[in-house]
Amino acid sequence: MSDSESGGLRWVGLAGPTASGKTAAALALAERWPVEIVSVDSALVYRGMDIGTAKPSLAERAQVPHHLIDILDPAQRYSAAQFVADANRLIGEIHARGRLPLLVGGTMLYFKALIDGLDALPQADPAVRAALDAEAAERGWPALHAELAQVDPATAARLAPQDAQRIQRALEVWRVTGQPLSSFHTRDGATADTPSDHLLLSLEPRDRAWLHARIAERFAQMLEAGLVDEVRALRQRPDLHLQLPSIRCVGYRQVWEALDAGLEGSRLHARLMETGVAATRQLAKRQITWLRSMQRTAVAADQPHASEEVTKCLADRLGSPRHT
């Protein structure tokens, strides 16, 4: 697409809480504009984690090029800084092919990092991390989350009390630098976009009960599709454990812990429907909190024709679509 055809946009974003219909809306946009999709999801990067991440199917990926899916082994880690570097590279490559980058996902930290930029964060400090691990073993991660809330309330508000990896990193940054992690997120960062560089659309439910029902239905479908067996396969690997970001993904962690507890059959299913759905609802709540702090064009996800409304929002910016 030429600059005039893209409305001067460097990229278009489609965000929203889990189960809000982002994949369907993205594919609807791809039917009308020459886009390539860049995943903005910290779980979709992992190979062998398909069911619990609601990864786009091979058929869906065949309809339109997708990027940043299946790029890492579950034993590896991925950061917001790595995402920004990858996304900026892909945005340039997609434009060079005459197409429009469509960034789709629910990892709001990645969107925020791309939009606002990231200051250089301090390197990991093994001694500080070891000390935090020891404190967590004695006091529990919720206690460290409470400590984080005292020194960096903005970051603590966006993290679950059991989010060990991110709580550890935030406290590590505080102890190493004396500055809260949230202070490193700045609009003056070298990689920051200007507001006119992008259009961020978001699917947000007006009725929270609608989203809760979709979350429960989708989690039940994941269990039916074989989520437990997918986690059993991951548990066979000696290099994977609950402290890794991949295994702490919502759904995977709950299945892993239930299997550790020796649950099987109906007891396992009942436990997972309780813990998995609850964790997913908490994730959605945090995602919505993130979105409300961001400049975006919100579309009601629970209206009958949400995908069409998303398409209209983009058409209002770009004009009549021309697919190539």
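Predicted model: local features only at pLDDT ≥ 70, side-chain atom pairs only at ≥ 80, totals over all residues.
1. Ser 39 sits in strand β2, which covers residues 35–39. Strands here are DSSP runs of E with at least two residues, helices are runs of H or I with at least four, and both are numbered from the N terminus. Residues are numbered from 1 along each chain as its sequence is written, and side-chain values use heavy atoms, with hydrogens and water left out.

2. Back to Ser 39. Its relative accessibility is 5%, so Ser 39 counts as buried; the cut-offs are under 20% relative accessible area for buried, over 50% for exposed and partly exposed in between, with a 1.4 Å probe and protein chains only. Setting aside residues up to four places away in sequence, Ser 39 touches Leu 44, His 67, Leu 68, Ile 69, Phe 83 and Val 104. Contact means heavy atoms within 4.5 Å.

3. Next, the annotated stretch. UniProt, in an unreviewed entry, places a "binding site" at Gly 16, Pro 17, Thr 18, Ala 19, Ser 20, Gly 21, Lys 22 and Thr 23. A "binding site" listing, also from an unreviewed entry, gives Thr 18, Ala 19, Ser 20, Gly 21, Lys 22 and Thr 23. Some caution applies: feature names are shortened, positions follow the numbering used here, and annotations may be inferred rather than shown by experiment.

4. Is Ser 20 buried or exposed? Ser 20 is buried, because its relative accessible area is 4%. You'll find Ser 20 in the loop between β1 (11–15) and α1 (22–30). Beyond four places in sequence, Ser 20 touches Leu 203, Trp 210, Leu 211, Arg 214 and Ala 301. The Ser 20 side chain also reaches the backbone oxygen of Pro 17 at 2.6 Å. For reference, a polar contact is a pair of N or O atoms within 3.5 Å; within protein, one must be able to donate a hydrogen and the other to accept it, and residues adjacent in sequence count only if both atoms are side-chain atoms.

5. Ala 19 belongs to the loop between β1 and α1. Have a look at the backbone there: phi of Ala 19 is near 70 degrees, a positive value in a residue other than glycine. Ala 19 is buried, at 7% relative accessible area.

6. Lys 22 is in helix α1 and is buried, with 12% relative accessible area. Apart from neighbours within four places in sequence, Lys 22 is in contact with Leu 14, Ala 15, Gly 16, Pro 17, Val 104, Gly 105, Gly 106 and Leu 203. A polar atom of the Lys 22 side chain lies 3.1 Å from the backbone oxygen of Gly 16.

7. Asp 70 is another one for your backbone checks. Phi of Asp 70 is near 60 degrees, a positive value in a residue other than glycine. Asp 70 lies in the loop between β3 (66–67) and α3, and is partly exposed with a relative accessible area of 26%.

8. On to helix packing. Axes are lines fitted to C-alpha atoms, for helices over the stretch in contact, and angles run from 0 to 180 degrees between N-to-C directions. The axes of α3 (residues 80–96) and α4 (residues 108–116) come within 9 Å and cross at roughly 65 degrees. On the α3 side, Ala 80, Phe 83, Val 84, Ala 87, Asn 88 and Ile 91 make the contact, with Leu 109, Tyr 110, Ala 113 and Leu 114 from α4.

9. α4 also meets α12: their axes come within 10 Å and cross at roughly 20 degrees. That makes the two roughly parallel; the class takes angles under 35 degrees, with over 145 roughly antiparallel, 65 to 115 roughly perpendicular and the rest oblique. Met 108, Leu 109 and Lys 112 of α4 make this contact with Gln 287, Trp 290 and Leu 291 of α12.

10. Finally, the axes of α9 (residues 208–225) and α12 (residues 265–292) come within 9 Å and cross at roughly 135 degrees, so α9 and α12 are oblique to each other. Among the α9 residues involved are Leu 211, Ile 215 and Phe 219, and the α12 ones include Leu 272, Met 273 and Val 277.
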